[in-house]
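This report covers the domain layout, the ligand surroundings and some backbone details of the entry shown below.

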Amino acid sequence: MSSRDAELLISVDRNGPASMQAQLERQLRDAIRGGMLRPGSEVPSTRDLARDLAISRPLVMEAHAQLAAEGYLALRQGAAPRVADTAPRQQIQDLPPESVLTLTFRYDFRPGIPDLASFPSARWLKAAEAALRIMAPNDFGYGQRYGVLPLRQALADYLGRVRGVSADPRQILITSGFEQTRALMARTLKRRGVTELAVEDPGYSDREVWLAAGLKLLPIAVDENGIDVAALAKSPAQAVLLTPAHQSPTGVVMSGERRLALANWLRQRNAIALEDDYDAEFRYDRAPIGALQGLAPDHVVYAGTTSKTLGPALRLGWMVAPSDLLLAFEDEMRLMDCGRGRLEQFTLAQFITSGDYDRHLRKMRALYRDRREALLAVITDELPEVKISGISAGLHANVRFPRRLDEAVISEAANKRGMGLSFLRGHYLDDAPEESTLLLSYASMPESSLRTALRTLAAIIAGN
Ligand SMILES: Cc1ncc(COP(=O)(O)O)c(C=O)c1O
């Protein structure tokens with residue numbers, strides 16, 4: 001069993017290999033060294049930490065005393081413990097690049113990551129046990145390179161039921177997430193002689209894979225109904241990448257009319273769409289609109305992932321390929337590697353067929369709905385001048401200011417206070433609008449943290 005302090009993101013695992021005191025010391029030390037707790041800032045009292053983590057107070061006192069002896073904490077009788085002014089800190093330039101990429105913030109508003117603390121460990125373990133019981137000796141060998149059959153069957157049923165995707169299990173290939181689907185798509189398009197790919201503008205920002213495959217990107221504007229299909233039709237594009245259920249990053253849900261127009265364009269141009277259905281499970285005002293794939297299954301490559309529903313660390317996703325592209329995708333996959341881990345695939349199949357996936361999604365939808373409501377309420381109080389959009393689905397809000405902010409200065413000031421920020425401007429290929437828009441994820445912050453973080457953010461913006 002483990003318990004955690006939500007504010008500090010510290011947790012202790014009673015059954016972990018290290019003692020609870022050692023776990024607490026290490027996490028506090030890391031938080032100070034990593035800059036999440038800054039010199040002079042207050043550390044939760046022994047009483048609060050003991051209560052939040054459900055551990056004994058003397059144990060917390062011992063951990064504090066040890067960190068004081070190491071020079072990290074300053075303890076004074078009757079005063080709250082503070083981070084020592086001279087506490088050793090790790091310099092970002094000293095860290096290897098991977099650590100910089102995965103830099104964590106105490107308050108992280110950057111979109112893309114679900115609430116990792118909600119990973120359903122106990123139920124996942126149950127599914128893994130069930131998977132191990134049904135796996136035959138052959139399942140531990142090579143083979144089933146494109147995905148194990150029970151998972152492809154479970155997904156065919158799930159995607160049909162929840163996303164309106166029409167697919168035979170054979171058309172479903174198991175990937176290590178959208179990023180692999182994208183790499184496979186880039187190579188397959190290139191092999192078919194496609195040279196120009198339309199992308200939503202603004203759009204999902206990592207474009208290197210397409211460029212590396214030699215594809216030219218054609219930015220197509222997005223308005224409140226989704227991608228501008230009339231502009232797409234005027235372009236020479238032979239393929240398009242899009243996020244109809246919840247446009248990334250504006251949050252727009254593509255209208256029914258646009259979907260029909262797009263499906264017609266795909267048929268007329270004999271073009272291919274890659275539908276990135278990355279977080280469609282989270283729709284708050286109504287049942288999610290079905291996938292575009294259901295309207296034009298012969299022209300849409302559908303991509304799904306567990307990265308938002310469970311966690312990016314699983315590296316488990318799927319693609320549904322139109323039948324005339326299936327062999328091309330299988331070829332590319334074969335050239336790449338030997339497929340995803342079978343145990344995780346059997347586990348996910350169990351997790352879905354037992355109903356635990358739906359149960360988990362129901363729980364997460366309620367949690368995110370509450371956090372979204374909290375975000376909206378606090379924004380109204382703290383940032384009354386902004387306009388909010390893109391919140392009917394997904395895990396983040398677009399917060400538009402009536403003027404241009406000094407985005408670099410604000411981001412830097414926020415980082416210094418342990419806060420990660422992301423502005424919309426960086427997601428445009430063409431010119432971005434003059435006004436600033438912040439992308440605020442509410443996925444991983446409980447209401448109390450949201451309030452503190454937004455108050456700090458409002459103060460930073462007011463001061464710049
Ligand atoms: C729009 C969008 N698509 C895809 C992904 C990546 O998905 P995966 O982890 O499955 O590669 C992300 C990750 O943040 C995303 O924001």
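## Domain layout

The chain of this predicted model is divided into domain 1, spanning 2-90, domain 2, spanning 121-355, and domain 3, spanning 359-462. Between domain 1 and domain 3, the C-alpha centres are separated by 29 Å.

## Ligand surroundings

The ligand is surrounded by 13 residues, and the closest of them are Gly112, Gly177, Ser248, Thr305 and Ser307.

## Cis peptide bonds

Most peptide bonds are trans. Ser248, one of the closest residues to the ligand, is joined to Pro249 by a cis peptide bond with omega of about 10 degrees, and Pro249 lies in the loop between β10 (239-242) and α10 (256-269).

A cis peptide bond also joins Asp201 and Pro202, where omega is about 5 degrees; Pro202 is found in the loop that runs between β7 (196-201) and α8 (208-212).

## Positive phi values

Most residues other than glycine have a negative phi. Gln144, in the loop between α5 (121-134) and α6 (149-163), has a positive phi near 50 degrees. This residue, Gln144, counts as partly exposed because 19 C-beta neighbours lie inside 10 Å, whereas a buried residue would need 20 or more.

Asn270, in the loop between α10 and β11 (272-276), likewise has a positive phi near 50 degrees. Asn270 has 9 other C-beta atoms within 10 Å and is therefore exposed, the cut-off for that class being 12 or fewer.

Key:
Residues are numbered from 1 along each chain as its sequence is written. This is a predicted model: local features need pLDDT of at least 70, side-chain atom pairs count only at pLDDT 80 or more; totals for chains, interfaces and linings use all residues. A residue is near a molecule or strand if its C-beta atom, placed from the backbone, lies within 6 Å of it. Domain bounds come from an automatic or database domain assignment. Helices (H or I, at least four residues) and strands (E, at least two) are DSSP runs, numbered from the N terminus.
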